[in-house]
Amino acid sequence: MKSENGHGPSNHKPKIAIFKLASCDGCQLTLLDAEEALLDVLGAVEIAWFPEATPRVLKPPYDLGLVEGSITTHHDAEYIHQVRKQCRVLIALGACATAGGIQALRNFKDLGATLRKVYTTPGSISALKMSTPIADHVPVDFELRGCPISKAQLLEVLGAFLAGRKPNIPTGAVCTDCKRRGNTCVLVAQGTPCIGPVTQAGCGAICPAWGRGCYGCFGPMESANTASLRDRLVELGQSEADIARTFRRFNAWTWPFREISEKAERGAGETRS
Amino acid sequence: MSQTRTIKVDTLARVEGEGSLYVRFSGSHVSEVKLRIPEPPRLFEGILEGRSYEELPDIVARICGICPIAHQMSAINAVEQAFGVAVHPSIRALRRLFYCGEWIESHALHIYLLHAPDYLGYEDAILLARDHKARVEAGLKLKKIGNDLMALLGGREIHPVSACVGGFYKVPTAADLRKMRGPLEEALDLAVETARFVAGFEIPDFEQPYEFVALRHQTEYAINDGRVVSSKGLDIAVDQYLDHFVERQVSHSHALHSSIRGRGSYLVGPLARFHLNFDRLPDSVRGLANELGMTPECCNPFKGIIIRALETVFACEECLRLIDEYEPPPAPRVEVHPRAAVGQGCTEAPRGLLYHRYELDENGIIRTARIIPPTAQSLKRMEEDLYFLVGKMAALPTPELTHRCEQAIRNYDPCISCATHYLQVTVERE
């Protein structure tokens, strides 16, 4: 994302590669869902690797790599190093790539038991014990949050890359978006459990707009005060098990969420014993 | 002695998710077909244990970014069956409207961006758009209207947040829905144009004796409920599904293969629905089908693109009908009382029958989960299509044959993320 990337003056169209690891496809679909901008975006760049859209393959190096998905297999743990070497700028797209995703719930469980529930002979399945974000394996130039990512933020990141500037992605809480949208606070006014106060903005505060609490798609905001929110959730009658589940969703493996869910889980264990 | 040839494509493109295909044959004798799905397993059935029914629609949406509503609806149906929840007819109508939005979006995506380039000799939709810009833009417009409808009802088109057991967190007013009337009328025109456009494609001559399986409803073209029926006489309630269908793990794939007990492979999706429920389509859609030479007897998978377009026409008409008849329910959702029970739900995802089953405890916590997506049900049948296709077209030069194989897989609009999986094509001649 530095300005000296050299695209500006030359006629060279930047080569973009889009990779998919363990994920639902939703973040790369977000690009295809940018219907009105799609043909312009695709015209401004050269698609070098994007199997979902085209069989065309251009040789590396690539100016920009976008990675959707988390690392869950031995193969992908090696492959991501190759991807990193091929891409001058590497951007992790979405909760799987930035936080391990929903599949990181396996990190809190016995993987063997989980595999046996899905496959009769789990021995033939190649899976790591943990689902981990890209940045645990290789340096990442920018992480775009969300489950799924926001279309507007994706276009902002691509535009910033093409212009050689830093992307303008706010890092405040969902509460900011909620106020801007004019939502009534579900936590204060309705006593509905909501983790918007500790979750990064970006979705447009859609859950509170639909009368329900935020469930944390965009992961923890910077310096999130999870302890204070936890107290509030307890006052609202949430059990330790409820709190553990609340923070164990699509960004469960990020530290502030993981810390609070592990503490709640220990609390739930003590209550039972 | 027939010549030994190898065709290899490392990554099959223009499918949702990634995987590989291997065919070995000599002359017209095919000795081996393997659709490899090494995409990382995400283990949803394990993840869901210990979670509450209230979180279920949010979690299962993440199985697939292309068909999150399908997963939400099958899961919600299953839990409502377990808890004995009856929803208001307006909620049922809103769910159908929501689901039609996903059909429009998913079908338009597949027709224009993934499948049409095969028929017109382009590598991808980017190159297709260079020569047929207005056509591709019309397709993207159609796709966008489906997305806009999903976002209106669900907050966003990918992983929408509105659906819950018992109804919705919030329902639209009749005035909210009427705002979509204009765009949907435009979508209907675009869908009809699409159907005429794809019906003009050159279609390979290839028919298969499929056993078609789909939901069937008493009066409607089934989407969100009905009985599971087949073209060979199967007619069962959703909760008898596991008595009649079996899943098997195969060594070359992270997807489980499905078959009908005692019979073998079967076909779900647009061809199956069109075959089994043609009489449930409105006169206008049947009329258009007749005009385009499409009959319910169609068993050529390469014509699936035409049926997808006809289903898009149907979905647009259905949306307009549902919007015109909509009256907001007395409450966005009914009260739900968890109880220890097993529930099963089947709906028609854009790609076909999607089965969910949950065992829940008295607090509504999931004890076991089972999910059988359409692409997993189709894998065995996809391999069989390749087997017969390569046998029939073995005389074709290697690049053409490889292309036909890829196109044959794309006929299924496979959603490999749903089936948890990866696709790559290798065709080897011995």
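Me: A crossing is left-handed if the near helix is turned anticlockwise from the far one by less than a right angle, and right-handed if clockwise. Is the crossing of H6(B) and H8(B) left-handed or right-handed?

Reply: This is a predicted model: local features need pLDDT of at least 70, side-chain atom pairs count only at pLDDT 80 or more, and totals for chains, interfaces and linings use all residues. Residues are numbered from 1 along each chain as its sequence is written, while chains are lettered from A and ligands numbered from 1 in the order in which they are written. Helices (H or I, at least four residues) and strands (E, at least two) are DSSP runs, numbered from the N terminus. The crossing of H6(B) and H8(B) is left-handed.

Me: How are H6(B) and H8(B) oriented to each other?

Reply: Axes are lines fitted to C-alpha atoms, for helices over the stretch in contact, and angles run from 0 to 180 degrees between N-to-C directions. The axes of H6 (133-154) and H8 (181-199) of chain B come within 9 Å and cross at roughly 135 degrees. Angles under 35 degrees count as roughly parallel, over 145 as roughly antiparallel, 65 to 115 as roughly perpendicular and the rest as oblique. H6(B) and H8(B) are therefore oblique.

Me: How do H4(B) and H6(B) lie to each other?

Reply: H4 (89-120) of chain B packs against H6(B) with the axes 8 Å apart, at an angle of about 155 degrees. H4(B) passes H6(B) in a left-handed crossing. The two helices are therefore roughly antiparallel.

Me: Which residue stands opposite Leu93(A) in E5(A)?

Reply: Chain A has an open sheet of five parallel strands, in the order E2-E1-E3-E4-E5. E4 (87-93) of chain A runs parallel to E5(A), joined by three bridges. Opposite Leu93(A) stands Leu144(A).

Me: How many nonpolar residues has the side of chain A that touches chain B?

Reply: Chain A gives 51 residues to the contact and chain B gives 47. H1 (26-32), H2 (35-44), H5 (111-118) and H9 (206-209) of chain A each supply at least two residues of the chain A side. By class, that side has 12 polar and 12 charged residues, and its nonpolar residues number 27.

Me: Over which residues of chain A is the pLDDT below 50?

Reply: pLDDT is the predictor's confidence in each residue, from 0 to 100. Chain A has a mean of 89, and 89% of its residues reach 70 or more. One stretch has 15 contacts in the model beyond near neighbours in sequence, yet its pLDDT is below 50: residues 1-9.

Definitions and conventions: Two residues are in contact if their C-beta atoms, placed from the backbone, lie within 7 Å. Ala, Val, Leu, Ile, Met, Phe, Trp, Tyr, Cys and Pro count as nonpolar, Asp, Glu, Lys and Arg as charged, and the others, Gly among them, as polar. Two strands pair if DSSP finds at least two bridges between them.
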